[in-house]
Amino acid sequence: MSAFSSYISTRGGVAPVDFAQAVMMGLADDGGLLIPSQIPSVGKDTLNKWRSLTYPELACEVMRPFVGDAIPYDDFKQLVAKSYATFQADDVIPVKKVGKVFICELFHGPTLAFKDVALQLLGNLFEYLLKRDGGKLNIIGATSGDTGSAAIHGVRGKQGIDIFIMFPDGRVSPLQERQMTTVPDANVHCIAVKGTFDDGQRVLKEVFNDLDFKRSYHLGAVNSVNWARVLVQVVYYFWASFKAQKETGAAAVQIAVPTGNFGDIFAGYVALRMGAPIRRLILATNENDILSRFFNTGVYSRGTVCPTLSPSMDIQVASNFERYLYYRVGQNPEKVRTLMAQFAAEKSLTINDGGDATFAAGRGDTAMTLDAIKRYYDSDKYILDPHTAVGVSVAEKFLADDIPTVCLATAHPAKFAAAIQKALGQDLAHHPTLDALVNLPTRRVTLDPQKDVIEKYVSDCLK
Ligand SMILES: *Cc1c(COP(=O)(O)O)cnc(C)c1O
């Protein structure tokens with residue numbers, strides 16, 4: 001293992017593992033999150049070489065030191081090529097000038113949301129490692145909407161993997177349900193749970209806590225703390241910076257990120273630490289603003305979740321925040337343990353160190369979201385999805401003349417057509433992939449949210 005490609009826990013309690021082990025492990029065994037033992041730095045010459053690469057080529061180069069010897073580079077290149085062949089845009093991730101900002105469109109994958117960028121590769125990594133090292137993986141998850149379909153599309157048809165996704169019956173949008181239930185592959189199992197999202201979460205926890213069942217059925221998760229998901233996202237921060245620099249000749253850019261679990265923006269932080277030409281990151285939340293409050297006050301304190309037009313950011317406790325905390329306290333696992341214990345006990349932690357100039361942060365509320373969608377449509381005929389609109393409305397507070405602003409666009413607007421209708425007064429957001437789902441056959445079972453019921457269904461499917 002080279003230094004860059006070994007992984008340690010934010011809480012210091014795990015012997016170093018390699019990239020392959022980190023991918024299969026997900027959460028570290030001591031309750032912390034895996035991070036690379038060192039972040040490689042990239043010099044000017046390398047950056048200049050990277051500018052002319054295609055997206056898949058750049059992805060291979062950026063990730064290479066983090067993968068190390070765990071996967072032969074030629075094999076890794078094939079996995080990357082296969083993962084981005086499913087994207088509908090020729091250059092995978094188009095970056096477009098719209099008004100005063102650059103919009104980096106991360107939504108051209110199979111489910112039209114940015115989670116595809118990571119989950120398409122994660123599915124291929126799982127399949128490759130299971131085939132090579134032996135074993136099976138049965139992914140089980142509970143979704144309130146979007147993550148489920150991106151996970152399903154990441155592993156559909158893959159050997160050695162089955163996926164079980166629970167969603168609350170009648171409480172996800174018909175479109176979101178169809179994105180899951182129209183997938184015909186035999187390894188995909190959609191479970192409508194009679195109850196709420198919380199019932200799904202609860203029964204999921206109960207199943208995972210049944211350690212005998214978990215072990216004998218090789219259960220795993222694809223949650224947002226998997227290191228590979230973060231790593232894959234580091235790539236487009238380089239990509240977007242290069243594109244905006246090429247258009248403007250600027251020495252560096254700033255990048256606005258609509259944030260929920262702090263996964264995406266943590267990837268930006270890694271890119272910045274590696275030496276990507278990024279001056280600062282603009283963190284944008286909706287009304288669920290634990291993270292923007294933290295960056296403006298130093299206090300990280302949990303509130304209650306409030307439903308908004310950008311549901312994928314309706315999160316109070318950000319599962320990737322601990323990774324950032326590790327760096328913020330000087331890479332000191334003991335301090336991380338103390339702070340996380342304090343947060344668990346008091347639902348709040350405070351850092352008084354004068355702040356971190358790497359980040360600007362703000363909150364884009366519902367009125368600002370609707371207003372941004374309307375203004376960008378009126379002036380440029382460009383439709384922002386509501387998550388992207390949160391990012392754009394916060395970015396507008398931090399525009400600067402000498403530094404271009406890139407806004408990450410995390411979903412296609414057609415996925416959130418009701419919000420677009422509300423902002424524009426017309427049903428303008430469509431996408432052929434989504435419109436086509438209406439005519440496809442669906443498959444799902446409806447089950448009670450009880451551990452024994454779910455376990456019996458899983459074991460029957462795997463017979
Ligand atoms: C998941 C998601 C986000 C938030 O990403 P995090 O990595 O959780 O910060 C933003 N927008 C959309 C559309 C998403 O699906």
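The structure is a predicted model, in which local features need pLDDT of at least 70 and side-chain atom pairs count only at pLDDT 80 or more, while totals for chains, interfaces and linings use all residues. Residues are numbered from 1 along each chain as its sequence is written, and side-chain values use heavy atoms, with hydrogens and water left out. Helices (H or I, at least four residues) and strands (E, at least two) are DSSP runs, numbered from the N terminus.

Three strands form an open antiparallel sheet in the order β2-β1-β3, where two strands pair if DSSP finds at least two bridges between them. β2 (17-18) and β3 (34-36) stand at the edges with a single partner strand each, so one side of each has no neighbour in the sheet. Strand β1 (residues 6-9) is joined to β3 by three bridges, and Ser9 stands opposite Leu34 in β3.

Helix α13 (residues 321-328) lies across β1 and β3 and runs at about 50° to β3. Axes here are lines fitted to C-alpha atoms, for helices over the stretch in contact, and angles run from 0 to 180 degrees between N-to-C directions. Eight of the eight residues of α13 are buried, buried meaning under 20% relative accessible area, exposed over 50% and partly exposed in between (1.4 Å probe, protein chains only). Among these buried residues are Glu322, Arg323 and Arg328. Just after α13, Gly330 takes a positive phi of about 80°.

Contact (heavy atoms within 4.5 Å) is made by Phe266, Tyr269 and Arg273 in α11 with Arg323, Tyr324 and Tyr327 in α13. By class, this contact of α11 with α13 has four nonpolar, no polar and two charged residues. For these classes, Ala, Val, Leu, Ile, Met, Phe, Trp, Tyr, Cys and Pro count as nonpolar, Asp, Glu, Lys and Arg as charged, and the others, Gly among them, as polar.

Another helix pair is formed by α3 (residues 55-67) and α4 (residues 73-84), whose axes come within 10 Å and cross at roughly 135°. The two helices are therefore oblique to each other; angles under 35 degrees count as roughly parallel, over 145 as roughly antiparallel, 65 to 115 as roughly perpendicular and the rest as oblique. Residues of α3 including Tyr55, Met63 and Val67 meet residues of α4 including Tyr73, Phe76 and Tyr84. The contact of α3 with α4 has 10 nonpolar, no polar and three charged residues. Pro65 is also found in α3 and is partly exposed, with a relative accessible area of 25%. The C-alpha atoms of Pro65 and Ala417 are separated by 41 Å, the two residues being 352 apart along the chain.

Strand β7 (residues 161-168) is joined to β8 by six parallel bridges, with Ile165 opposite Cys190 in β8. In β8 (residues 188-193), six of the six residues are buried: Val188, Cys190 and Ala192 point one way, and His189, Ile191 and Val193 the other way. Strand β11 (residues 278-285) likewise runs parallel to β14, with five bridges between them, and Leu281 has Phe359 in β14 as its bridge partner. In β14 (residues 359-363), four of the five residues are buried.
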